[in-house]
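I opened this notebook to record what I looked up in the structure shown below. The entries follow the order in which I consulted it.

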Amino acid sequence: MDIEPEVLALIQHAKRVTILTGAGVSAESGVATFRAYKEETQESLWSQYDPQKMASIDGFRENPNRVWQWYQWRRNELKNKEPNDAHKAIAKWQQSKTQNVTLITQNVDGLHQAGGSKDVIELHGNIWRNHCLQCLADYNGDVDGVETVIECPECGGQIRPSVVWFSEALPEQAWRDAESASYSCDLFLSVGTSSQVYPAAGLAALAKSQGATVIEVNPEPTESSVVDYCIEGKAGEVFKTLNI
Ligand SMILES: [Zn+2]
């Protein structure tokens with residue numbers, strides 16, 4: 001894979017880099033994306049259910065155990081997924097002494113952490129964590145193999161996975177951190193996510209408004225006026241070529 005020298009220089013010389021990753025990065029580790037869900041889960045007993053419904057408060061209220069079991073199944077599926085070259089390269093890059101690298105992700109699978117990243121701004125939460133729907137307290141008990149919704153030890157409410165469901169607001173602190181990282185960077189790298197869709201589009205636009213260069217890494221580049229350069233390719237391959 002060839003990357004234009006001009007683009008390479010921009011990446012190597014930026015002082016403050018903010019990276020936003022999305023479903024494409026996880027997909028390269030074999031994690032089913034919502035878009036491809038139906039096809040990829042055809043073999044499972046869950047293929048008949050609409051993932052949008054499962055990942056919603058309405059779906060949970062309608063049948064909490066079913067939604068909980070769906071998440072337990074997804075966690076099980078994730079257990080044998082490994083971080084790929086992109087996850088590892090980003091983790092290594094974050095340790096750079098000369099560049100300040102902040103990582104924001106829309107992924108909930110924890111693969112960045114598994115790949116060695118310590119500080120990750122999680123815009124959509126993390127599937128491995130749980131909290132109470134009612135009092136919002138974190139639930140840190142072991143849920144492995146638990147197939148019915150757990151009662152909150154604090155208030156008796158229902159324990160749910162700590163992921164952002166459709167139509168829910170993003171976690172405030174994570175969003176503030178993401179905004180501030182985008183506001184103050186000189187390079188914004190959007191990886192495996194469309195730069196057209198919220199919230200990626202908003203953060204990329206914010207970075208650009210402050211003079212940052214916006215680069216998208218995507219096998220299928222999106223048409224966006226915010227993007228200055230696009231590196232067409234899979235994230236794992238691109239990061240291998242970048243060799244940062
Ligand atoms: Zn509670």
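**Salt bridges**

I began with R66 and E62, whose side chains meet in a salt bridge at 3.5 Å, N to O; the term denotes a side-chain nitrogen of Lys or Arg within 4 Å of a carboxyl oxygen of Asp or Glu. I note that the model is predicted, that local features need pLDDT of at least 70 and side-chain atom pairs count only at pLDDT 80 or more, while totals for chains, interfaces and linings use all residues. Residues are numbered from 1 along each chain as its sequence is written, and side-chain values use heavy atoms, with hydrogens and water left out.

I looked up accessibility, with buried meaning under 20% relative accessible area, exposed over 50% and partly exposed in between (1.4 Å probe, protein chains only). R66 is partly exposed at 22%, whereas E62 is exposed at 52%. K53 joins E62 and R66 in a network of salt bridges.

I counted 8 salt bridges in the structure. One of them pairs K79 with D144 at 2.8 Å, N to O. K79 lies in helix α6 (residues 64-79) and D144 in the loop between β5 and β6, so the pair ties together parts that are 65 residues apart in sequence; helices (H or I, at least four residues) and strands (E, at least two) are DSSP runs, numbered from the N terminus. I also recorded R160 and E168, whose side chains form a salt bridge at 2.8 Å, N to O. R160 is buried at 4% relative accessibility, and E168 is partly exposed at 27%.

**Zinc site**

I found the zinc ion coordinated by the SG atoms of C132, C135, C152 and C155 at 2.2 to 2.4 Å; donors are N, O and S atoms within 2.8 Å of the metal (3.2 Å for Na, K and Ca). Along the chain, the donors follow the spacing C-x2-C-x16-C-x2-C. C135 lies in the loop between β4 (125-132) and β5 (138-139) and C155 in the loop between β5 and β6 (159-163), so this pair ties together parts 20 residues apart in sequence.

**Annotated positions**

I consulted UniProt, where an unreviewed entry lists "binding site" positions, including D109 and A235; such annotations may be inferred rather than shown by experiment. D109 is found in the loop between β2 (100-105) and α8 (111-114) and is buried at 8% relative accessibility. A235 lies in helix α11 (residues 235-242) and is buried at 2%.
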